[in-house]
Amino acid sequence: MKINNICCIGAGYVGGPTMAVIADKCNYLNVNVIDISQKRIDDWNNDDLDKLPIFEPGLKDIIKRRRNKNLFFSTLIKENIESADLIFISVNTPTKNKGIGAGMASDLRFVEECARQISKYAIGHTIIVEKSTLPVRTAQTIETILNSEINSKNKRNHLKSFSILSNPEFLAEGTAINDLEKPDRVLIGGHDQESIKSLVEIYSQWVDIDKIITTNLWSSELSKLISNAFLAQRVSSINSVALICQATGANIEEVSKAIGSDSRIGKHFLKAGPGFGGSCFKKDILNLVYLCTYFGLPEVASFWKNVVTFNSWHKENLIKIIVHKLFGTLVDKKIIILGFSFKSNTNDTRESPSIFIASQLLKEGANLVIHDPKVNEIQIKKEIENFISENDHQNYPKELPFNNNSWQFCNDLDNSFNDAHAVIILTEWEEYKNLDWRKISEKVLNTAWLFDTRGILNKNIFKELNLNFWQIGTSSESK
Ligand SMILES: NC(=O)c1ccc[n+]([C@@H]2O[C@H](COP(=O)([O-])OP(=O)(O)OC[C@H]3O[C@@H](n4cnc5c(N)ncnc54)[C@H](O)[C@@H]3O)[C@@H](O)[C@H]2O)c1
């Protein structure tokens, strides 16, 4: 089947960049990205390309090239479903927060809503592609919903038919455009060979055919969950090794290099940090844990659950280290937090370790000054307020949420360090590597500590400076 019109439901971190790259690589295609959020669509259509809803290196240029040529953002759901030959479902799949499976299983209500709308509005034969990360066998649910309209006795809907594919997205935020343009692989799962061929045809416009893997539907759905579980497990593994280094005098950079040089292990994802964040790792592992329990595999569930448990404990342990170094109390102490996004080169703060760490520091009574080059004040405030209200809000100081003393957003980094008790690097933004640490060491208090939880600074510089230095995975250095 020749594809001319594509529709993507969901203009988020996946839908936006993925469709931008498809439109860029296949200029014969009409690509319509739709969303229920008018604000998100308005942001995608903003003339000022610095105000797009998502920051990703390289994204702006593609939007400039393709928007309103063969790439369109709108809220016209019915019209775009009607005209589509192929529809990507790229909506959010958060963790359920109530009812059976709460805190573990995927909340599929947005996916279900998409299936209902497609079922209602689609015309002719339509290929439905699961782009969202979904529990294994979700395609079956989608198929049941889609066919309900066709099978309805009261309606004459013999003119529509569907085939379902799974095509999970493996992009990483911060490098999304590069990952989409030069993917390690593209995975397409399905049972209908004709539809698989149509989707392969699109990707093969820019991806080497050897890198396009086709599987059955369930292998494809499962592979995405497993891929994220493996990556998160690696982060927890290397963070656990960092603690062994701290205790023994070994150095995490050296250990990572030594083990990563073994081609069986590989060098990627061996950087210690404050714990994994982002919208996917935790929710996808918890979903996997839920599936394992459902399929009667409690030991397998417990194996993967530990990856998440360790990640939470690791962040708590960082707080303990900070409090200990600052003489056991943070009350009224000025602490500068450098970085709020969950990693560099993205403005995404979902599940960022900074949320937990900043909230805990506030709970200890610290006065925070928070900086991030791409995350704005409103977003930071919202994340911390949400965290506090969903957790133990009764344990936080009464004046929260934020007055000027307990919390400040920092626009002017140069003038923020005066009399600080501590500086904590939580995101590995390039600009933090290049700060003038000599000057900063003269502004902070004499007893101040710098905590480098990302291991981005050269430890040797601090030997000569008037600043206590702690770096993840190394033994700490007081001056
Ligand atoms: N963010 C990532 O790095 C990443 C990477 C790979 C896969 N994924 C997966 O991709 C999926 C989407 O993730 P995301 O980060 O893009 O989410 P997101 O929250 O950024 O975007 C989802 C969008 O879908 C819209 N939406 C929800 N229901 C809708 C409906 N019925 N009709 C139209 N629009 C609707 C929302 O308004 C939102 O704008 C998730 O399953 C996620 O696990 C995410």
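Me: What makes domain 1 and domain 2 separate parts of this protein?
Reply: In this predicted model, an automatic or database assignment sets the bounds. Domain 1 covers 5-215 and domain 2 covers 282-471. Their centres, taken over C-alpha atoms, are 34 Å apart.

Me: How do you know which residues count in the contact between domain 1 and domain 2?
Reply: Two residues are in contact if their C-beta atoms lie within 7 Å. The contact takes 15 residues from domain 1 and 14 residues from domain 2. On the side of domain 1 that touches domain 2, eight residues are nonpolar, five polar and two charged.

Me: Why are strand E3 and strand E8 called edge strands?
Reply: Two strands pair if at least two bridges are found between them. The open sheet of eight strands runs in the order E3-E2-E1-E4-E5-E6-E7-E8. Strand E3 (71-74) and strand E8 (212-215) each pair on one side only, so they are the edge strands.

Me: What makes strand E1 and strand E4 a pair?
Reply: The requirement is at least two bridges. Strand E1 (residues 5-9) and strand E4 (residues 86-89) share four bridges in the parallel sense, and therefore they qualify as a pair. Ile6, for example, has Leu86 in E4 as its bridge partner.

Me: Which residues come nearest to the ligand?
Reply: They are Gly10, Gly12, Tyr13, Val14 and Ser132, out of 26 residues around the ligand. By class, this shell has 11 nonpolar, 10 polar and five charged residues.

Definitions and conventions
Residues numbered from 1 in each chain as written. Predicted model: local features only at pLDDT ≥ 70, side-chain atom pairs only at ≥ 80, totals over all residues. Near = placed C-beta within 6 Å. Nonpolar A, V, L, I, M, F, W, Y, C, P; charged D, E, K, R; others polar. Helix = DSSP H or I, 4+ residues; strand = E, 2+ residues; numbered from the N terminus.
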